[in-house]
Amino acid sequence: MQKGRVKMTKLTEQKKQAMLRLSNESGVIAALAIDQRGALKKMIAAHKPQGAEDKDIIDFKTLVSKELTTYASAILLDPEYGLPAAEARAANAGLLLAYEKTGYDASKKGRLPDLLNVWSAKRLKEAGADAVKFLLYYDIDEEAEINDQKHAFIERLGSECTAEDIPFYLELVSYDATNADAGSKEYAKVKPHKVNEMMKEFSNPRYGVDVLKVEVPVNMKYVEGYAAGEEYVYTKEQAARHFKEQSEATPLPFIFLSAGVSADLFQETLRFAKASGSTFNGVLCGRATWANGVEPFITEGEDAARKWLETQGKANINELNEVLKDTASSWFEKLK
């Protein structure tokens with residue numbers, strides 16, 4: 001049910017102030033994401049045979065927040081395990097809270113979205129959120145019956161956030177209903193279409209989205225010059241065109257997720273995006289910043305993890321901030 005796009009209206013004063021709290025003085029969103037739940041449990045379990053306990057997850061999130069938010073414009077957390085971490089964040093850091101349940105039911109068709117049972121936009125705002133974040137898995141080419149359910153779902157969320165006068169950050173993760181392997185060469189061929197077309201869809205004002213959190217439109221591991229050997233899908237010129245087309249797909253501010261790639265590759269990707277003419281407005285960077293701190297936290301304890309965060313974790317986020325200074329555009333240019 002594609003509707004015509006309309007130019008974005010001005011932000012309300014309350015939304016504008018919230019957006020300012022979430023970004024740096026240049027209007028760039030340099031945010032840290034640690035709303036992972038299922039993924040973090042698996043990361044912890046890899047170093048703890050008996051599996052992750054709730055305390056492990058809560059304590060690690062809190063430690064990351066305490067040590068790294070000084071260097072971030074905001075932090076993204078989940079209300080299930082992340083509220084102590086929200087309390088521990090630096091005074092300069094804004095707060096985004098996730099509204100979705102982690103993962104999706106793989107036994108059902110369509111990766112349909114679901115909300116946390118005892119939360120609402122109102123409750124997230126009361127818990128201190130400056131913005132509500134929701135993750136949606138979306139295949140632009142999936143059957144209309146599935147996608148129409150998702151359209152209606154996001155319309156409801158947008159209306160809820162509008163009613164609470166709180167920014168709505170929509171995280172979009174593409175997939176192909178006929179090909180489960182998002183890291184494959186086959187998926188790399190269709191990824192630009194999947195990513196850029198879904199951005200067009202959810203830029204429609206009917207959804208009430210204020211900021212899109214999205215993937216880069218190519219798999220950089222299949223870009224000429226970045227690919228292993230000769231196995232590339234896109235020339236550098238083709239990849240650059242996909243980044244440019246992504247910017248042209250939406251009038252909304254959009255920020256990149258790191259999608260679990262290494263810190264170095266993510267930084268290189270941002271440079272490539274800028275050189276390609278992308279007007280992205282920042283990042284919500286998760287595992288690329290803190291993932292390697294999980295092992296010392298579990299195997300050696302909190303002091304070892306703190307030392308890692310104070311050194312390598314801090315270096316990761318400061319290096320990313322330097323890259324953002326040279327590459328990211330201000331959302332001031334897109335929203336008033």
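Tutor: Before we start on this predicted model, one term: a residue is buried when its relative accessible area is under 20%, and exposed when that value is over 50%.

Student: OK, what share of the 336 residues in the chain is buried?

Tutor: Buried residues account for 55% of the 336 residues in the chain.

Student: And how many helices and strands does the chain have?

Tutor: There are 12 helices and eight strands in the chain. Its radius of gyration is 19 Å, close to the 20 Å that the globule rule gives for 336 residues, so the chain is as compact as a globular protein of that length. Taken along the principal axes, the box filled by the C-alpha atoms is roughly 50 × 50 × 45 Å.

Student: What about contacts, how many join residues at least 24 apart?

Tutor: If you take the contacts between residues at least 6 apart in sequence, 74% of them join residues at least 24 apart.

Student: Let's go inside. Which residues touch the most other members of the largest nonpolar core?

Tutor: Those are Ile154, Leu170, Leu212 and Phe256, in a core that has 78 residues. Helix H12, which spans residues 302–327, supplies the largest share of this core, with seven residues.

Student: Which residues does the second core include?

Tutor: The second core, which is separate and has 16 residues, includes Met19, Ala74, Ile255 and Leu335. As background, nonpolar side chains in soluble globular proteins tend to be buried together.

Student: Changing topic to the backbone: where is Asp165, and what is its phi?

Tutor: Asp165 sits in the loop that links helix H6 (144–164) and strand S5 (168–174), and its phi is near 55 degrees, a positive value in a residue other than glycine.

Student: And Ala259, what is its phi, and where does it lie?

Tutor: Ala259 also has a phi near 55 degrees, again positive in a residue other than glycine, and it lies in the loop between strand S7 (254–257) and helix H9 (263–275).

Student: Is Ala259 buried or exposed?

Tutor: Ala259 counts as exposed, because its relative accessibility is 54% and the cut-off for exposed is over 50%.

Definitions and conventions: Residues are numbered from 1 along each chain as its sequence is written. This is a predicted model: local features need pLDDT of at least 70, side-chain atom pairs count only at pLDDT 80 or more; totals for chains, interfaces and linings use all residues. Side-chain values use heavy atoms; hydrogens and water are left out. A nonpolar core is a set of buried Ala, Val, Leu, Ile, Met, Phe, Trp, Tyr and Cys residues joined through side-chain atoms within 4.5 Å. Buried means under 20% relative accessible area, exposed over 50%, partly exposed in between (1.4 Å probe, protein chains only). Helices (H or I, at least four residues) and strands (E, at least two) are DSSP runs, numbered from the N terminus. The radius of gyration is taken over C-alpha atoms; the globule rule is 2.2 Å times the number of residues to the power 0.38. Contact means heavy atoms within 4.5 Å.
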